[in-house]
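Please look at the model with the ligand in view.

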Amino acid sequence: MKTKMRLDKMLGNLGYGTRSVLKALVRKGAVTVNGARVKEPGMQIDPHADEVVLEGERIVYRDTLYVMLHKPAGFVSATEDNRDRTVLELLPEELRVFSPFPVGRLDKDTEGLLLLTNDGKLSHDLLSPRKHVPKTYLALVAGLVGSEDIATFATGVTLDDGYVTLPAALRVLSSPKIEADLAADGIAGNMRASSTFTMDEAIGRLDTFPALLTNRTSWQEAVAAGEPLSWIELTIAEGKYHQVKRMFEAVGKKVLYLRRTEMGPLPLDETLAPGQWRELAEDELERLRNYKKTEDRT
Ligand code: URA
């Protein structure tokens, strides 16, 4: 593995300035390497082993970044876009210098857990269709979700393009129908959410950000027409385009609000409000890395 790099490149990678600014800084003697003042911006250093000090500040090198973002509605999961704001715009410049990208996509109107990293291998492993990394969502659905849907989702749903999904675990957390339904089927007790985010809060999000969330018309129409709302949690083991919305469409229901709460072993940190982010803790990163190893079903 290549361990050496140019001094000005190391500082540039960390966002300390453009190459030309850094060259000038080094030439005027602003940098020491292992205690010795250096004047050559192209000097080869080991960024992990050599002690680099810039204008009195000890520089700690790293080249990878792992961020958990609570994606808000209204932002697209892309690094650039001509029309919409991207999730990258929610990160400060000092993190954007690491060129992070989203690990997979959430729709523009979906909220919740989105990882951003510049680690292509980890991203590839988490997204690989062969790995079946499970993703859990909370959704507000127009219609009566009940035990037939639980059974259909458990065997696989045929989407609009003919694709049959892998078995998915649907838990109905609240539905006018579900209590009697579950009791009749003897499967009561499957109504525990892995997140503390509630149906009322989801409805509040629709009220607060109506312009950002799609299906506003259908939501208002549904409620005006007296159509019941269901609050569900769904775990899927793949990530087809608009998968959760299309799975409900396949059983004649409409997702009005969607939030991702888990990806593999990583739950959304619920202290993060939509739009907030934090870097992953060391143990979270370890769990992600180990998870892909133990869960590789190939
Ligand atoms: N399924 C969807 O329909 N949308 C998302 O954003 C994620 C999963």
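1. A pocket is defined on a 1 Å grid over the protein atoms alone, as an open set of points where a 1.4 Å probe fits, with protein on both sides within 12 Å along at least five of seven lines; its lining residues have an atom within 4 Å of a point. A molecule sits in a pocket if more than half of its atoms lie within 2 Å of the pocket's grid points. Here the ligand takes the space of the largest pocket.

2. The model is predicted, and local features need pLDDT of at least 70, side-chain atom pairs count only at pLDDT 80 or more, and totals for chains, interfaces and linings use all residues. Residues are numbered from 1 along each chain as its sequence is written, and side-chain values use heavy atoms, with hydrogens and water left out.

3. The volume of the largest pocket is about 760 Å³, the volume being the space filled by probe spheres set on grid points that are joined across faces, edges and corners. Its lining has 35 residues, and Arg-105, Gly-239, Lys-240, Tyr-241 and His-242 lie nearest the centre.

4. Which residues are around the ligand? They are Leu-106, Asp-107, Thr-110, Tyr-137, His-242, Gln-243, Val-244, Lys-245 and Leu-258, where a residue counts if one of its heavy atoms lies within 4 Å of the ligand. Helix α9 (residues 243-250) gives the most to this shell, with three residues.

5. Polar contacts are pairs of N or O atoms within 3.5 Å. A polar backbone atom of Asp-107 is 2.7 Å from an oxygen atom of the ligand. For His-242, a backbone N or O atom lies 3.2 Å from a ligand oxygen atom, and a polar backbone atom of Gln-243 is 3.4 Å from an oxygen atom of the ligand.

Conventions: A polar contact is a pair of N or O atoms within 3.5 Å; within protein, one must be able to donate a hydrogen and the other to accept it, and residues adjacent in sequence count only if both atoms are side-chain atoms. Helices (H or I, at least four residues) and strands (E, at least two) are DSSP runs, numbered from the N terminus.
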